[in-house]
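Please keep the sequence and the model side by side while reading.

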Number of protein chains: 2
Amino acid sequence: MSNPALPAYRDVAAAARRIAAYATTTPVMTSRTTDEAFGAKVYFKCENFQRMGAFKFRGAMNALLQFSEEQKTAGVVAYSSGNHAQAIALAARLLSIPATIVMPSDAPTAKMAATRGYGATVVEYDRYTEDREQIGCDLAERHGMTLIPPYDHPHIIAGQGTAVKELLEEIGELDALFVPLGGGGLLAGSSLAARQLAPACRIFGVEPEAGNDGQQSFHSGRIVHIDTPGTIADGAQTQHLGEYTFPIIRKKVDDILTVSDAELIEAMRFFAERMKLVVEPTGCLGFAAARRERLTGKRIGIVISGGNVDMRRFAELLSS
Amino acid sequence: MSNPALPAYRDVAAAARRIAAYATTTPVMTSRTTDEAFGAKVYFKCENFQRMGAFKFRGAMNALLQFSEEQKTAGVVAYSSGNHAQAIALAARLLSIPATIVMPSDAPTAKMAATRGYGATVVEYDRYTEDREQIGCDLAERHGMTLIPPYDHPHIIAGQGTAVKELLEEIGELDALFVPLGGGGLLAGSSLAARQLAPACRIFGVEPEAGNDGQQSFHSGRIVHIDTPGTIADGAQTQHLGEYTFPIIRKKVDDILTVSDAELIEAMRFFAERMKLVVEPTGCLGFAAARRERLTGKRIGIVISGGNVDMRRFAELLSS
C-alpha cells in the first residue's frame, strides 16, 4: 500500500462512541510525590486498568465492531504473543465471533492459557522456522477469516486514540504528552487525538534504546527495519513502523525519544513503590523518558499503556 | 479508663469536613474478573492511594487539626515502626507542628528515612529491652508534647471512619463490608460510618490467624492480650484491642474472621496480577476473608488499608 487512506480524528471520535459500552474509561491518576519531584503537574492515563490489562482492547473492539455479518460468521485471526492476542480474543468473545490466534509454541503458558480462556483457538508455530504473518494470511485465505494486524490498521489506530481523547477531555490542555512506541498504533492514534484536542501540546513517542527503529524512521523519513530488539519492553519489540502508523507519526509527532532498560526498571519500581501501581515494562516507556526532561511548571500527560507482566518476572525486575 | 467517652458517627462526619482539604478522596475500584469469580458486585476502597500510602493519614490529620495553639507549639510524639509514624510525621509537617517519632533501632532503614524525610525527629529504642510506650509517655511529660497513640484515641477512630463514609456515599448501600483489624482504629471508625449509612450491612473485621486476639475478645466480651503475633501482616501485629476501639467493635460489628498468611499472599498476588495494584499484606486481609464467603448476588465492600511494602519483600512474597 503506497497511499493508504489514513485515519483522522473523526475516526477516533467515532471509535470512542462505538466502544463506549465495552471499554473501561480508565482513571487518570496523579501523585503529589511526582509533582513535587518534577515541579510540574503530571497526569497518568492508566491503561493498565483497561479490560485485559492494556490499551490494546480499544483497537481490537473498534475493529471487530465494524465486521460485516459475513465476517462475523467466518471469524477473526490474529498473530501475537502479547496483549493484542488477548485483546482480540476478549473482543471476539464479547461479540460471539470465532477467534484464532497464532502464537509461538514457546510463548508463556500463562498467556496461552489466558487466550484460550477467552475462548479463542490457539494455533502454535515455531518462531525460529516459521513465519507468523504467512500462517495468519494462509488461515485467513483458507477459511475466509479476517486478519486483524496488531497495529497497522486504520480501525486499530482509531481505537487506540480513544485513550488520549479521554485523557484530554478529562483534564484539559497539556504542554507535553509521552506515549510508548512499538509498532505505532497507540502513538499514531494518540497524536490524532492530541493534535485535535490540545493543538499546542508537544507529542513524544518513546521506544527502547535497543529498538530505535521508530526514531531512525522519524528522522530519515522512511520506514527503517531492524532485527527483533533485545529489551525488557516486550510490547515494543517491533521491527518496523507500519504503512498507516508511520505517515501519521511523521506528520503529527514532535520527536521520538529512547530510554534504556535500566531506566524502565527504575520507572517500574517508582510506580510500584510510590504510586502502588503494577505497570509492565513497555508501559513504563513514557514516564521513563519524561523523568529526564526539564518540565518545571508544565502540565504533562503520560500514557501507561498496560500492566500485564508475569509475576515472577515482575518480582525479578523489582529486586534487580 | 473504664468508661471513656466513645466517638460516634457525628465525629466521623466532623472529621471528614476537617480533613477534606488535606486527605485524598481515594478511588473505589471494581474488577470484572472479581465480580465474575464471586458472582457479586465488589467495591474496593483503595486506601493504598491515600497520602503516605495508607488510611492512617486520615486519623493522624484529624487528631493534629484539633490541637490547641499550646499543643502545636510543644509538638506531637508517637511510637510506631509502621504507617502511623509516617502519618503523624506528614500531618505534622503539613501543619508545621514539631513531631518526634519513637521507632525501634532495627526498623527498616527506608521507613526511618521516610519518617525523617517528613521532617520528624526519630528517637530510637531497643525493642527487646525498652518499652516504647514508656519512652513516648516520658517524652510527652518532659517536653509537654501530646502523645497520639496509633489506634486507641477518639480522634484517630473518627478520622479512620472517613474512608468507609466516602465509600458508602459514593456507591450506596452494601450487603457486607470487610475491614482489616489490628488495634481496631479502622474497624471501629468504619463500623460507626457503616451502621449510620448502610444500617443493614453486615460488618466483618478480619485479622491474621496467628494474632486472633480481636476474635477472642469479640467472643469473650473482654479485651484479650496476646504476645506479638508472627504474621506477614505487620500492620496487624497488635497485642490487644483498645479501651475505645473494643466497645465500639463489640457493639457494631457482626463478626471477626481470620485468614492465614498463605491466603494473604494469594490475595496480594491477585491484586498485583489481576487488578494491577500494590497492596501491603495487612491491606489484603479484607479481600482474603471475602474470597472464602458465599456472596452470590450480593454487594460487597472491601477496604484495602494500605500499600506500603518494601519492594524486596513484595518481590519475595510474589514469587513465593
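## Burial and basis

What share of the 320 residues in chain A is buried? Buried residues make up 60% of the chain. Here buried means under 20% relative accessible area, exposed means over 50%, and partly exposed lies in between (1.4 Å probe, protein chains only).

This is a predicted model, in which local features need pLDDT of at least 70 and side-chain atom pairs count only at pLDDT 80 or more, while totals for chains, interfaces and linings use all residues. Residues are numbered from 1 along each chain as its sequence is written, chains are lettered from A and ligands numbered from 1 in the order in which they are written, and side-chain values use heavy atoms, without hydrogens and water.

## Overall build

Chain A holds 15 helices and 10 strands. These are DSSP runs numbered from the N terminus: helices are H or I with at least four residues, strands are E with at least two. The C-alpha trace spans about 55 × 45 × 40 Å along its principal axes.

Of the contacts between residues at least 6 apart in sequence, 73% join residues at least 24 apart. A contact means heavy atoms within 4.5 Å.

## Salt bridges

How many salt bridges does a search of the whole structure find? The total over all chains is 21. Each has a side-chain nitrogen of Lys or Arg within 4 Å of a carboxyl oxygen of Asp or Glu.

A:Lys41 pairs with A:Asp35, with the closest N and O atoms 2.9 Å apart. A:Lys41 is partly exposed, at 33% relative accessible area. A:Asp35 is buried, at 12%.

## Links across the chain

A:Arg202 bridges to A:Asp254, and their closest N and O atoms are 4.0 Å apart. The partners sit 52 residues apart: A:Arg202 in strand E8 (residues 202–208), A:Asp254 in the loop between helix H12 (245–252) and strand E9 (255–259). A:Arg202 is partly exposed at 44% relative accessibility. A:Asp254 is also partly exposed, at 30%.

A:Arg292 and A:Glu263 form another salt bridge, with the closest N and O atoms 2.6 Å apart. A:Arg292 lies in the loop between helix H14 (285–290) and strand E10 (299–304) and A:Glu263 in helix H13 (residues 261–275), so the pair ties together parts 29 residues apart in sequence. A:Arg292 is partly exposed, at 47% relative accessibility. Elsewhere, salt bridges with shared partners join A:Lys45, A:Glu47, A:Arg58 and A:Glu166 into one network.
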